[in-house]
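Welcome! Please have the sequence and the model in view as you read.

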Amino acid sequence: MSWWRRLLGDRISVGVMKSEADEPAAKVVKSEQEWREQLTPEEYQVLRKAGTERPFVGQYTDTKTVGVYKCRACGAELFRSETKFDSHCGWPSFFTPLAGDAVIEHTDRSMGMARTEVVCANCHSHLGHVFSGEGYGTPTDLRYCINSISLTLEPEQT
Ligand SMILES: [Zn+2]
């Protein structure tokens, strides 16, 4: 069994959502005022207001640098560069988070469709959405479509 499947465990089946009451509480909790002071207006809009940055303009859309992508709001490690792939969708795309409990997924019914929102498990900031069954040929057939502005890449020390 591959390392990512072990990590992902039973979360591999997107669409089978636990109720929000079962969600782990955020370990990092700040007031809206504190978030506004810590983040730029653009970061705040995406991370705390579930905004979406425009496609193809994000800092990490085509980045190949080896390293770990951390939550820009709280610094939690979320994704590894090895699971990033070229989706050509305009946003950084990963086929799995680096650990099954690094992110929380729940149904987002905004914009007249049911999508699966991905938030940081540590601080509950908005990261992006996850889509399944698109046929990208990745090991999971999942696409974690994540806003660059929600992430900070920490390049691996060589
Ligand atoms: Zn976070």
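Strand β1 (residues 67–71) and β8 run antiparallel and are joined by five bridges. Strands here are DSSP runs of E at least two residues long, helices are runs of H or I of at least four residues, and both are numbered from the N terminus. Along this pairing, Cys-71 has Leu-151 in β8 as its bridge partner. This is a predicted model, in which local features need pLDDT of at least 70 and side-chain atom pairs count only at pLDDT 80 or more, while totals for chains, interfaces and linings use all residues. Residue numbers start from 1 along each chain as its sequence is written.

The two strands belong to an open sheet with the order β2-β1-β8 and antiparallel pairing; two strands count as paired if DSSP finds at least two bridges between them. Because β2 and β8 (151–155) stand at the edges with a single partner strand each, one side of each has no neighbour in the sheet. From one strand to the next, the twist averages 30°, with axes taken as lines fitted to C-alpha atoms and angles running from 0 to 180 degrees between N-to-C directions.

## A sheet of five strands

Another open sheet holds five strands in the order β3-β7-β6-β5-β4, with antiparallel pairing. Its edges are β3 and β4, each with a single partner strand, so one side of each is left without a neighbour in the sheet.

Six bridges link β4 (residues 103–108) and β5 (residues 115–120) in the antiparallel sense, and Val-103 stands opposite Cys-120 in β5. The two strands form a hairpin with six residues between them, and Met-111 in the turn has a positive phi of about 60°. Strands β6 (residues 126–132) and β7 (residues 142–146) pair in the antiparallel sense over five bridges; there, Phe-131 stands opposite Arg-143 in β7.

## The nonpolar core

Which residues have the most contacts inside the largest nonpolar core? They are Leu-78, Val-103, Val-118, Cys-120, Leu-127, Tyr-144 and Ile-146, in a core of 28 residues. Such a core is a set of buried Ala, Val, Leu, Ile, Met, Phe, Trp, Tyr and Cys residues joined through C-beta atoms within 7 Å. At least two residues come from each of α3 (41–47), β1, β2, β4, β5, β6, β7 and β8. The most come from β7, which gives four residues.

Leaving out residues up to four places away in sequence, Tyr-144 touches Ser-93, Phe-94, Pro-97, Val-118, Gly-128 and Val-130. Contact means that the C-beta atoms of two residues, placed from the backbone, lie within 7 Å.

## A look at Cys-89

Cys-89 sits in the loop between β2 (77–80) and β3 (93–94).

Beyond its neighbours within four places in sequence, Cys-89 is in contact with Pro-55 and Cys-145. Cys-89 and Cys-145 are 56 residues apart in sequence and 8.4 Å apart in space, C-alpha to C-alpha.

## The whole chain and its confidence

The protein chain has three helices and eight strands, following the pattern α-α-α-β-β-β-β-β-β-β-β along the sequence. Of its 158 residues, 32% are buried.

The chain averages a pLDDT of 90, and 86% of the residues score at least 70; pLDDT is the predictor's confidence in each residue, from 0 to 100. Over residues 12–17, pLDDT stays under 50. Where pLDDT is low, predicted coordinates should not be read in detail.

Conventions:
A residue is buried if 20 or more other C-beta atoms lie within 10 Å of its own, exposed if 12 or fewer, and partly exposed in between; C-beta atoms are placed from the backbone.
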